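Okay, thanks everyone, let's get going.

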Amino acid sequence: MDTAWSSFINKLDFLQRSNRAHEAYAVQLQTEIDNLKDLVQASGRMRDIGKVLITMSDRFKFRSVLFNYDA
């Protein structure tokens, strides 16, 4: 009977260690997902900033053309 209990205890121990490893992996994956979400948000903001910079550049070019034309 001791062998059956020992086997049962070993199986429980294995399941607990396996569960802890899977939980740690899930936390790692969640952290990775959160970082990817941050990158997506940053990408959107960078795109918006780029559009503003292009608009500003176009205005400066237009002013430069007018300045050169007036001269």
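**A pair on the helix**

I'll start with a detail: Arg17 and Asp13 sit four residues apart in helix H1, so about one helical turn separates them. And just so we're clear, what you're looking at is a predicted model.

So what do those two residues do? Arg17 makes a salt bridge with Asp13, and the closest N and O atoms are 3.1 Å apart. In general, side chains of opposite charge can pair when their charged atoms come close.

While we're on charges, the chain carries 10 positive and 9 negative side chains. The centres of those two sets lie 7 Å apart.

Okay, zooming out. How many helices and strands does the chain have? One helix and zero strands. The radius of gyration is 31 Å, well over the 11 Å that the globule rule gives for 71 residues, so the chain is more spread out than a compact globule. Helix H1 itself covers residues 2-70.

Take Ala26, which is in helix H1. Ala26 and Ser7 are 19 residues apart in sequence, and their C-alpha atoms are 28 Å apart in space. Then there's His22, again in helix H1. From His22 to Arg45 you go 23 residues along the chain, and the C-alpha atoms are separated by 35 Å.

Those two starting points have accessibility values as well. Ala26 is at 41% relative accessibility, so it counts as partly exposed. His22 comes in at 54%, and because the cut-off for exposed is over 50%, His22 counts as exposed.

Now, the surface. Of the 71 residues, 1% count as buried. The accessible surface of the chain comes to about 6,900 Å², and 63% of that belongs to carbon and sulfur atoms.

Last stop: which residues form a nonpolar patch on the surface? They are Trp5, Phe8, Ile9, Leu12, Phe14 and Leu15, and together they have about 650 Å² of accessible area. One of them, Phe14, is found in helix H1.

How values were computed:
Residues are numbered from 1 along each chain as its sequence is written. This is a predicted model: local features need pLDDT of at least 70, side-chain atom pairs count only at pLDDT 80 or more; totals for chains, interfaces and linings use all residues. Side-chain values use heavy atoms; hydrogens and water are left out. Patches are made of residues with over 30% relative accessible area and no salt bridge: like charges are joined within 9 Å, nonpolar side chains (Val, Leu, Ile, Met, Phe, Trp, Tyr) within 5 Å. Accessible areas come from the Shrake-Rupley method with a 1.4 Å probe; for residues, only the protein chains shown count as cover. A salt bridge is a side-chain nitrogen of Lys or Arg within 4 Å of a carboxyl oxygen of Asp or Glu. Helices (H or I, at least four residues) and strands (E, at least two) are DSSP runs, numbered from the N terminus. The radius of gyration is taken over C-alpha atoms; the globule rule is 2.2 Å times the number of residues to the power 0.38. Buried means under 20% relative accessible area, exposed over 50%, partly exposed in between (1.4 Å probe, protein chains only). Lys and Arg count as positive and Asp and Glu as negative; His and the chain ends are not counted. The place of a charge is taken as NZ of Lys, CZ of Arg, CG of Asp or CD of Glu.
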